Amino acid sequence: MSLIAPPRAGGRVCTRTFIPHDCHAAIGVLGAVSVATACILPGSVANGIARVPDGSVRHVSVEHPSGEFSVTLEVGGTRERPTVLKAGLLRTARLIMRGVVFVPTGVWDGGA
């Protein structure tokens with residue numbers, strides 16, 4: 001479940017996501033795409049709060065407590081009844097481990 005509010009840090013919408021009962025420090029992929037989609041649907045609560053540009057490709061920066069998630073929606077249909085044709089997002093990676101793996105020579109002889 002996500003709560004939404006007007007953007008506070010230059011994004012398009014501000015969120016707080018609860019997984020399952022605690023406020024999460026970020027927002028998940030599915031949550032970000034769902035919120036972004038709700039933001040473009042005319043008449044939705046999210047559409048009335050978010051600041052989303054018009055056009056067939058819409059960039060929706062979803063703010064969350066630890067930063068933002070950039071979602072790109074390719075939109076078809078009409079202005080009154082938009083259809084999301086594609087959704088994409090940029091995900092970053094961070095180093096979570098550094099280590100050494102010892103492979104037995106019986107498995108790999110060191111050759112190319």
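This is a predicted model: local features need pLDDT of at least 70, side-chain atom pairs count only at pLDDT 80 or more; totals for chains, interfaces and linings use all residues.
Leaving aside neighbours within four places in sequence, with which residues is threonine 72 in contact?

Residues are numbered from 1 along each chain as its sequence is written, and side-chain values use heavy atoms, with hydrogens and water left out.

View 1. Strands are DSSP runs of E, at least two residues long, numbered from the N terminus. Beyond its neighbours within four places in sequence, threonine 72 is in contact (heavy atoms within 4.5 Å) with Val57, Arg58, His59, Lys86, Ala87 and Gly88. The side chains of threonine 72 and histidine 59 make a polar contact at 3.1 Å. Such a contact is a pair of N or O atoms within 3.5 Å; within protein, one must be able to donate a hydrogen and the other to accept it, and residues adjacent in sequence count only if both atoms are side-chain atoms.

**View 2. Exposure of threonine 72.** Threonine 72 has a relative accessible area of 29%, so the residue is partly exposed (buried is under 20%, exposed over 50%, partly exposed in between; 1.4 Å probe, protein chains only).

**View 3. Strand S2 (residues 13-17) and its partners.** Four of the five residues of S2 are buried. Strand S1 (residues 2-5) runs antiparallel to S2, joined by four bridges; strands pair if DSSP finds at least two bridges between them. Leucine 3 stands opposite arginine 16 in S2. Two bridges link S2 to the parallel strand S3 (residues 57-64), where valine 62 is the bridge partner of valine 13.
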